[in-house]
Amino acid sequence: MPLLVVLANVTAALGFGAIILNLLGLDKDMNSGEHWTLSFAIGFGALGWLVFPIGVAGLLSVEIIWLLLLLGSLGIFLLFKTRSLVLRNNLDAIGNVLLIFIFAVLCLDLAEALAPPADADSLAYHFNWPKRFISTGNISFIPQAWTGAVPMLVQMTYIPPLILGGETALTLWTMVVSWITAAMLFVFCRHHLSINWSLAISMIYLTIPAVVFGGGSGQVEPKMTLFVLASAWGLGRSLKTGRLSFAILTGLSAGFFAGAKYMGLLFVAATGMALLIRHGGLRPIFFSALAFGFAAVFGGFQWYAWNAFHTGDPIFPMFFEWLGHDDLKFWSADYSIWFKKTLRLLERDVPRSFWWLVGYPFKATFDPLVLFEARRTGFGPFGMLVLPFAVLGIWKLRTQILKSRLFPYAVVCALFYVLWFFTGSSQRIRHLLPVLPLFLVVMSVAAIRFADLEVLHKPLFAAVGTTLILQFLGHGIFSLTYIKHFSKDNSRDEFLSKNVLNYEVVPWINANLGSKDRIFLSERQVLYYLKVPYFFGSPNVQALVELRKGRMKPKTLYRQLRSVGVTHVLLHKKYRSDVDYEKNSWILLQKGGCLLNQKKFQLRDFKSRTLPNLGKSEKEIGIFTLNTTKCLYL
């Protein structure tokens, strides 16, 4: 059943995309590889776009979702037309070896897809929100900053596989989407490179740490790459032909990106500016920009309107101090100001200056700070290894750059990176992943052209070979956890206890608490697996329960816990009461008889799922009952 559901989702996405391309009259301007991959990219966005109004209307049912997929699948027949194939040459020995390695990577990814999800972000919200929407039958507003009241177009595509095929269909779907992205990158490369080079670049992308980490999980960055590639394809042809239909495709794809993450707004801006570089008079530029703008707004407006309706701020909480509702219970202007100050400390580690604009990629590669997350979600060594070849190639071919079909891609990459860096966005390197394929194409073509001109192929081959070997080995180490799970035939709970921090509390909570209980916890990585009501306590996402350092008071904390219906509290029991004031508050509640110890857990703590023996330690966690009859602070 999960395989059937995934196939239905793929077919529906292809069909929706083929219908849109046909309506725009663009299906005659592409070869078969472009037609299929672009159809999926556009249809993937359309699928997420259509699920939203269905969910808001309270129609999230098996029957309605099957009907949606069936309607989309009708468009699949538009794809079966005779066109030239991208992969039309016979593969040589190198090509066959690359295919074998790609197949091996597929097997490693399949092992992850068939195992229970273990990524913290996925379990906290990427998979958790679709599961929550399905359980209630409708899409409701999530009163949380940063993780809840955000654009969720990609997460909407998780609802059909989850509601129809369960968890296995969901994890298979995320893997398939990432692989289709790699196929789309291959198609892009074939316009400029040989089959062998195109296969090599596609495999480099598939084994990049950031893709290995997020491709098979609910992380949205690898999936948004589809929108970037589709938008770039439309941009290139819009600049070349001036046709409005290409500008509409460019805007729609960019709009889908914006509908998937706030960062997509930067991509819309970068692509819109790149669209203006076409020459030919103000009139055609004006109409192209107008078509692009309307399409981008149409593709991405849903979640911004949703946020504006519930909070007053379409980019919540960015402008909440000026646009937000005054009577909002889970947020306030004061809290918003504090949040943004805290966010700057948490998410930025290098100054916004020209020198760091240039230096950030080198810092993230050679001396990755913890904040960058580059050690586990970086981009690998390929960019730095081919950089000298690419720079020399750009210099050698500088007179041809403006006429190159790659020039718009380079402009979009550069503009997006500059906007991302100077607008104060999070400096986590994986947030740049959506535009990485464009960067790979531009850098690879420039490097290969220089190697061809100077007959310096061996150093470039060495750089590519080194990258492939290192990244494939890294992928293999990452996948060992999943391979061991199937080879030892471990149970679901055994796997999760080894790979999800503090998972051991989940079976007890699900068995001993009921629908009338509500547990307070700050362990976001277990939320997806809870079957009982909960309140996620984090100072960064809500203001209903005051948890900010230095502002907590035991009496206020107790009153707020009761006001949100909390009956139980999950706490780390070993505190240094001389360090953190908020932990003193929890201790005072215990001493005041407000929290009664119900269950103790001695748990294993680990820093890495991939390397579980790295920094291993033990800790004690307790589940407490909130005493509503005898408490010092009543």
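This is a predicted model: local features need pLDDT of at least 70, side-chain atom pairs count only at pLDDT 80 or more; totals for chains, interfaces and linings use all residues.
Residues are numbered from 1 along each chain as its sequence is written, local features need pLDDT of at least 70, and side-chain atom pairs count only at pLDDT 80 or more, whereas totals for chains, interfaces and linings use all residues. Side-chain values use heavy atoms, with hydrogens and water left out.

**View 1. Helices α2 and α3 pack against each other.** Helix α2 covers residues 32-56 and helix α3 residues 62-73; their axes lie 12 Å apart at an angle of about 150° (axes are lines fitted to C-alpha atoms, for helices over the stretch in contact, and angles run from 0 to 180 degrees between N-to-C directions). That makes α2 roughly antiparallel to α3, a term for angles over 145 degrees. Helices (H or I, at least four residues) and strands (E, at least two) are DSSP runs, numbered from the N terminus.

**View 2. Residues form the contact of α2 with α3.** Leu47, Leu50, Val51 and Ile54 of α2 meet Ile64, Leu68 and Leu69 of α3, where contact means heavy atoms within 4.5 Å.

**View 3. Five strands form an open sheet.** The strand order is β2-β1-β3-β5-β4, with mixed pairing; two strands pair if DSSP finds at least two bridges between them. Because β2 (534-536) and β4 (595-605) stand at the edges, each with a single partner strand, one side of each is left without a neighbour in the sheet. Neighbouring strands of this sheet are turned by 20° against each other on average, direction ignored. Strands β1 (residues 519-521) and β3 (residues 568-572) run parallel and are joined by two bridges. Phe520 stands opposite Val569 in β3.

Note on methods:
Angles under 35 degrees count as roughly parallel, over 145 as roughly antiparallel, 65 to 115 as roughly perpendicular and the rest as oblique.
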